[in-house]
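Morning, everyone. Let me put the structure up, and then we'll walk through its salt bridges and the interface.

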Amino acid sequence: MGELKLSSLNKAFGAVHVLHDIDLSVKDGEFVVFVGPSGCGKSTLLRIIAGLEDVTSGRIEIGGRDVGQLSPAERKIAMVFQSYALYPHMSVRKNLAFGLENLKFKRSEIDARIAEAARMLAIEPYLDRKPRQLSGGQRQRVAIGRAIVREPDIFLFDEPLSNLDAALRVQTRAEITRLHQQIKTTMIYVTHDQVEAMTMADKIVILRAGRVEQVGSPLELFDYPRNLFVAGFLGSPRMNIVRASIAGIGPEGASIDLGHGAVLPCDVDPAAVRPGQRVLAGIRPAHFQRVEEGGVPFVVQYYESLGTETYVYGALAETQEPIIVHETGHFAPPSGTRLAIAPMPGRLHVFDPDSELAIARRDAGQRRGAVHGN
Amino acid sequence: MAIKASAVLERLVEGVMSLVEIPINALERLMGRKRVPYLFLAPNLVLFGIFTFLPIAISVGYAVTGGTNLFVTDRPFVGLDNFRQLLSCQDYSRPGTCQESLFWTAIWNTFWFVGFNVVATLLVALVTALILNRAMVGRGFFRAMFFYPVLLSPVVIGLIWKWFLDRNGLLNAFFEMMGVPPHVFLLEVGWARFFVVLVSVWFHMGFYTLILLAGLQAIPKDLYEAAAIDAASRRRTLFAITLPLLGPNLLVVLILLMIRSVQIFDEAWVLTNGGGPGTANSFIVQYIYQMAFGSDLRLLGLASAASVLMGVVLLALTLVQLRLARKTEEI
């Protein structure tokens with residue numbers, strides 16, 4: 001069925017090496033999102049799975065069979081393109097039927113599948129229209145419908161929402177998630193939008209410059225980023241990164257010095273650090289809290305009120321490092337206000353400044369899921 | 001340095017523009033805002049009038065007058081007599097029974113030429129475009145090579161091929177080397193007609209290939225990827241995706257080809273020594289040329305009447321082409 005296994009996949013366009021030793025396993029029925037900045041190779045990886053690009057080396061298995069030498073049509077996949085790629089001269093019905101006709105399905109079976117897909121996607125009224133007579137959202141549904149009628153083992157989505165406006169994007173996002181719950185087929189979804197990744201995925205694959213940075217469930221990646229890149233990529237606004245050092249290692253574990261005499265306990269593995277070691281501390285804006293004492297002095301520059309939440313922009317008083325603090329509800333500190341802030345317990349991430357990797361935590365053993373990458 | 005140069009240029013343009021502004025404003029006050037554009041169109045309209053509209057009018061003038069005088073005003077008015085002479089015929093399919101048998105021979109010759117030439121050029125141009133559209137080595141070279149004949153003068157084309165096909169031409173020299181008896185291609189009706197079409201295809205296909213190639217390259221690549229995922233065979237992709245999407249370009253090429261084919265004259269005239277053998281390659285434009293300038297008789301009336309008739313046919317084809325072009329834009 002829809003399992004996918006990539007082993008030591010490499011892809012080069014001439015001298016340009018775009019994918020490096022990709023290893024990945026996807027279980028049947030999983031919703032996997034490939035996410036990363038533009039040029040990270042996520043679309044190329046998807047196109048390789050589809051069979052639209054060949055690999056330079058490595059192995060691709062779908063449902064246990066090696067599909068490396070098979071044409072896209074033989075791989076039992078269906079793809080939804082960013083541009084939708086609907087055949088402009090064919091009606092919606094004909095667009096949906098085209099693949100099935102090529103596979104020599106019986107007319108009655110074709111009609112039945114089209115009717116079912118049209119019902120599922122609510123595109124029945126448009127079946128006899130041409131794509132140009134449809135809105136962007138309707139075209140999107142037709143493109144998904146064209147994939148559904150094929151009843152593939154794996155659905156591939158290449159940034160399918162990027163041509164929709166913001167409201168429609170949120171709506172379609174939910175519909176694709178619902179569709180996945182309904183048909184329970186493996187879906188692989190490429191996006192550069194971390195919100196789509198967080199909201200839709202069972203499993204996120206973060207790519208950068210042709211390498212897998214980390215694989216895991218959305219919350220795993222959010223809570224336990226493996227390196228600075230993943231930490232910065234997921235979450236909005238971005239995680240605050242400040243220079244810090246290991247203050248000491250005691251019986252309760254290590255403590256970290258955030259400057260200004262603010263020494264806080266942190267849950268790095270005491271064996272992985274030494275006192276005085278320079279590190280980078282990462283704290284998400286929402287994981288700061290205002291404290292009466294023992295916090296880090298923070299000077300407010302300005303704030304953005306969004307009604308239910310407020311983003312306070314400022315800098316650490318001593319080092320002038322820029323910081324964003326998230327507050328729920330209304331909060332209106334005048335510019336120049338000095339606040340004492342501290343990370344919530346267990347919400348402090350510690351990174352090695354040279355390797356940019358997260359320093360092992362004491363609770364590392366409790367973490368679920370695999371961590372991939374170099 | 002570059003920034004400075006562009007700044008200077010900008011200043012210069014601004015200066016010129018502000019100089020122009022003064023007379024334009026004056027003109028607008030004088031003539032009214034809406035009439036000023038026509039002032040700018042005027043030079044072109046005058047030239048167009050003298051060299052296009054006036055000749056059309058004069059041509060119609062010749063067509064309804066008789067005699068051998070050169071100046072329209074010196075010629076007696078004969079009404080539709082010239083047209084009557086051209087069109088009077090017992091059996092249009094047998095030119096010999098027509099009053100102007102040469103005219104009808106030319107019409108039928110043109111008719112057959114247009115048929116064969118349009119089909120052959122379209123097919124050759126399409127196949128060439130399909131091949132050139134693939135990623136292949138030396139694509140630019142081949143594209144340039146196929147287009148090259150378009151740049152040549154028709155007379156040069158006619159002469160080159162004549163040297164090639166003549167009794168003592170290159171082809172016969174080659175045959176001789178191979179021990180095949182020589183052939184006088186241009187003196188045999190079938191071969192002569194065949195080579196007129198062949199030369200015309202060779203001459204013009206580059207132009208149409210270019211139009212079709214542009215059309216092919218405008219078809220989004222992801223449609224082919226979608227078709228590949230949709231399990232479409234090569235054949236099915238060609239017939240279900242490529243050709244339908246190339247349809248508007250094919251139509252434009254078809255109409256342009258028809259218009260240009262009806263106008264066949266110079267290269268065929270040179271190649272066949274004036275439409276030979278006999279009148280086998282005598283076409284309408286040649287008839288018009290021969291009537292008007294081919295002898296001392298100067299049958300300008302008859303020639304002009306034939307021109308007007310041909311003009312009507314071409315106008316109809318052009319209107320169809322314009323309509324199609326507009327329709328294509330809507331898609």
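Start with one pair: B:Asp230 and A:Arg150 meet through their side chains in a salt bridge, 3.3 Å from N to O. The term here means a side-chain nitrogen of Lys or Arg within 4 Å of a carboxyl oxygen of Asp or Glu.

Ground rules. This is a predicted model, where local features need pLDDT of at least 70, side-chain atom pairs count only at pLDDT 80 or more, and totals for chains, interfaces and linings use all residues. Side-chain values use heavy atoms, without hydrogens and water, residues are numbered from 1 along each chain as its sequence is written, and chains are lettered from A and ligands numbered from 1 in the order in which they are written.

Now the interface. How many salt bridges does the rule find across the interface of chain A and chain B? Three. Polar contacts there come to eleven residue pairs, both residues at pLDDT 80 or more. A polar contact is a pair of N or O atoms within 3.5 Å; within protein, one must be able to donate a hydrogen and the other to accept it, and residues adjacent in sequence count only if both atoms are side-chain atoms.

Which elements of chain A give two or more residues to the side that touches chain B? H1, strand E6 (77–80) and helix H2 (92–102). H2(A) gives the most, with five residues. Helices (H or I, at least four residues) and strands (E, at least two) are DSSP runs, numbered from the N terminus.

In contact terms (heavy atoms within 4.5 Å), 24 residues of chain A meet 15 residues of chain B.

Next pair. A:Arg47 forms a salt bridge with B:Glu225, with the closest N and O atoms 2.6 Å apart. A:Arg47 sits in helix H1 (residues 42–50) of chain A and B:Glu225 in helix H9 (residues 221–229) of chain B, so this pair joins two chains. Buried or exposed? Both A:Arg47 and B:Glu225 are buried. Buried is under 20% relative accessible area, exposed over 50%, partly exposed in between (1.4 Å probe, protein chains only).

Compare a pair on chain B. B:Arg33 bridges to B:Glu28 at 3.2 Å between the closest N and O atoms. B:Arg33 is exposed, at 63% relative accessible area. B:Glu28 is partly exposed, at 23%. Elsewhere, salt bridges with shared partners join A:Lys11, A:Arg47, A:Glu53, A:Asp54 and B:Glu225 into one network.

Over all chains, the count is 26 salt bridges.
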